[in-house]
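Welcome! Please open the model in your viewer and get ready to select a few residues as we walk through its pockets.

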Amino acid sequence: MGSNEDVPTPPWRKARKPVQLKPQLSQDLIVETGLRIMDAEGLDGLSMRRVAQELDTGPASLYAHVANKEELLELIYDRVLGEIRLAEPDPARWKEQLRDYAMEWYRVLGSHADVARAALARIPTGPNALRISEQVFGLLLDAGMPPRDAAFAVDRLALYVSGDAFEGSLHFAKIRAAGVSMEEYFRTFVGTIESYYRSLPPERFPHITKHLDALMGGDGRARFEYGLDLLLDGLEARMP
């Protein structure tokens, strides 16, 4: 006996198109969509209405899963922190591991430029943020650092990494607005500043004009690593 699929539709009956069902709305889907919008359009392009539009639903339907944009930002930021890879803690190598962790965090925030704007002024409460805080805090404690120093160290390191990434996010916003490539933007930006500095009168600004190459040298990563090493050397000096 043949299946119904073998039988053609009679000409007087309309063939029906298969219905495309919407994906089941969930907090994970909302966060994933919000992150995708931030990556493409920046933090200013993110709103509950914009997420709802992307998911082909009404904003009211999102509130059953996410309270507001502020909570959505917290969830997005914690999702991004989940991309940070941490090695098994080794207190004997705390300084090297802390440096690797900071560089990994720098890499992850740099791959989601505007997420850094959501990182500042936030206390870690999400599962990924807590996982990272527990491991880094514990690494310093197990290496022998007093709890107060370890607590302040984790806080200041987080602020340093987030602040550096935040500055980068401000540049990315200008790049999007200008509609140019990153290379073209920084070439123009740096070139304009350098040309201006070279035009300064040497008798009034002898140090700037004499050491301009040093002032303008080094890319963002090199400068980040320099500041990071200053922090780590300071922590090492405080380690019993």
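A pocket here is an open set of points on a 1 Å grid over the protein atoms alone, where a 1.4 Å probe fits, with protein on both sides within 12 Å along at least five of seven lines; lining residues have an atom within 4 Å of a point. Grid points are joined across faces, edges and corners, and a volume is the space filled by probe spheres set on the points. This is a predicted model, in which local features need pLDDT of at least 70, side-chain atom pairs count only at pLDDT 80 or more, and totals for chains, interfaces and linings use all residues. Residues are numbered from 1 along each chain as its sequence is written, and side-chain values use heavy atoms, leaving out hydrogens and water.

**First stop: the largest pocket**

Select Glu167, His171, Phe186, Asp219 and Gly220: of the 25 lining residues, these lie nearest the centre of the largest pocket. The space inside is about 870 Å³. Next, colour α5 (94-111), α8 (147-178), α9 (182-198), α11 (212-216) and α12 (220-238), which each give two or more residues to this lining. Helices are DSSP runs (H or I, at least four residues), numbered from the N terminus. With seven residues, α8 gives the most.

**Second stop: the second largest pocket**

This one has a volume of about 740 Å³. Now select Tyr77, Arg122, Ile123, Pro124 and Ala129, the closest to its centre among 33 lining residues. Elements giving two or more residues here are α1 (27-41), α4 (69-81), α5, α7 (127-142) and α8. Keep α8 highlighted: its eight residues are the largest share of this lining.
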